[in-house]
Amino acid sequence: MEEIHAPHSREDANENEVITESSSFVKGETSLQVSNPPKVDSEVEILHDKVTKQIIKEGHGHNKPTKYSTCFFHYRAWSEGTQHKFEDTWQEQRPIEMVIGKEKKEMTGLGIGVASMKAGERALLHVGWELGYGKEGSFSFPNVPPMADLVYEVELIGFDPTKEGKARSDMTVEERIGAADQRKVDGNALFKEEKLEEAMQQYEMAIAYMGDDFMFQLFGKYRDMALAVKNPCHLNTAACLIKLNRYEEAIGQCTIVLSEDENNVKALFRRGKSKAALGQTDGAREDFVKAGKHAPQDKAIARELRLLAEHDKVIYQKQKELYKGIFGPRPQPKPKPSNWLILMWHSLLSVFYRLIALFKRETHKFD
């Protein structure tokens with residue numbers, strides 16, 4: 001079995017490979033700049049007399065969550081009257097988990113909307129205050145005014161069917177890692193079918209089982225087991241993002257892995273690929289060189305370093321030509337044509353002076 005912390009073969013660094021390491025048991029979007037609800041022109045669907053939905057992006061498949069399904073999703077929430085955004089799980093890079101039928105009272109309307117969605121679907125929900133934070137609102141966190149109608153932008157990453165549904169907080173460590181590992185396996189299968197968006201949703205669900213609060217509690221073999229699932233999910237997400245030309249996001253996924261394993265060859269290679277695609281050649285070279293130290297025989301790494309060298313050579317030649325034009329030898333000034341009368345006058349003066357000199361010599365001889 002291939003070890004997660006010491007990948008040295010050529011395939012280990014290949015940007016299109018999906019990692020298939022497993023644990024001992026047989027991964028979004030950032031949105032720091034989003035401030036207002038999106039404008040949506042799609043048809044309004046009435047889910048409840050206090051809940052409406054407009055689809056922003058269609059989901060996939062035919063199934064929807066049922067009662068007691070465990071759903072994983074990202075959302076942003078605004079107070080409709082003030083347009084104040086009070087929640088954003090994309091910004092926190094942490095999807096929320098909700099068991100349909102067991103949601104908090106203030107999330108009743110949100111739960112109705114999520115239950116109407118397919119995996120991968122993104123939608124805009126309008127929820128009346130009665131199914132939100134109620135007549136009193138919330139004056140702690142989040143801060144929501146009294147009787148505030150709400151607007152949600154929601155993306156359902158995926159869900160566990162009712163028969164599988166079990167809140168993460170009710171799982172043992174082994175169950176939680178095992179559930180994440182199964183999501184990783186499902187994501188790998190989708191990746192091989194080139195269903196990249198769906199594969200990333202499975203990886204994100206797997207990662208959601210192993211959030212920071214969970215990882216913080218793990219030590220020794222349990223932490224190693226969790227990382228053996230979590231890190232490949234980040235790396236496989238990066239492979240999907242590279243295929244989709246979403247290089248900034250791919251860099252973020254690789255950096256998460258490198259924060260745990262600074263010499264991870266796949267993370268260095270894929271981050272280097274992404275930096276090179278963005279024109280960050282110095283950073284890309286640094287990652288490739290470091291990866292090459294741990295996998296000196298890797299042909300893919302050598303190829304990328306060679307491409308960078310060729311790129312640098314082309315840039316140097318272009319700069320050389322540019323500077324040659326700017327700092328080359330100054331052209332010799334062309335003589336300006338003179339007036340012919342002036343030239344003739346100068347010639348006559350020259351003859352006159354010569355005659356005077358000749359006359360003086362003859363006079364001297366006579367004396």
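Axes here are lines fitted to C-alpha atoms over the stretch in contact, and angles run from 0 to 180 degrees between N-to-C directions. Keep that in mind for two helix pairs. The model is predicted.

Start with α7 and α9. Helix α9 covers residues 265–277. The axes of α7 and α9 come within 10 Å and cross at roughly 20°. Angles under 35 degrees count as roughly parallel, so α7 is roughly parallel to α9. The crossing of α7 past α9 is left-handed.

Who touches whom? On the α7 side we have L235, N236, A239 and I242. They meet K266, A267, R270 and S274 of α9. By class, that contact holds 4 nonpolar, 2 polar and 2 charged residues.

Now the other pair, α5 and α7. Helix α5 spans residues 196–208, and helix α7 spans residues 220–243. Their axes lie 9 Å apart, and the packing angle is about 155°. Over 145 degrees counts as roughly antiparallel, so α5 runs roughly antiparallel to α7. Here too we have a left-handed crossing, α5 past α7.

Next, the residues in that contact. From α5 come L196, A199, M200, Y203, A206 and I207. From α7 come C233, H234, N236, T237, C240, L241 and K243.

To recap: α7 is roughly parallel to α9, and α5 is roughly antiparallel to α7.

Technical notes:
Residues are numbered from 1 along each chain as its sequence is written. This is a predicted model: local features need pLDDT of at least 70, side-chain atom pairs count only at pLDDT 80 or more; totals for chains, interfaces and linings use all residues. Side-chain values use heavy atoms; hydrogens and water are left out. Helices (H or I, at least four residues) and strands (E, at least two) are DSSP runs, numbered from the N terminus. Angles under 35 degrees count as roughly parallel, over 145 as roughly antiparallel, 65 to 115 as roughly perpendicular and the rest as oblique. A crossing is left-handed if the near helix is turned anticlockwise from the far one by less than a right angle, and right-handed if clockwise. Contact means heavy atoms within 4.5 Å. Ala, Val, Leu, Ile, Met, Phe, Trp, Tyr, Cys and Pro count as nonpolar, Asp, Glu, Lys and Arg as charged, and the others, Gly among them, as polar.
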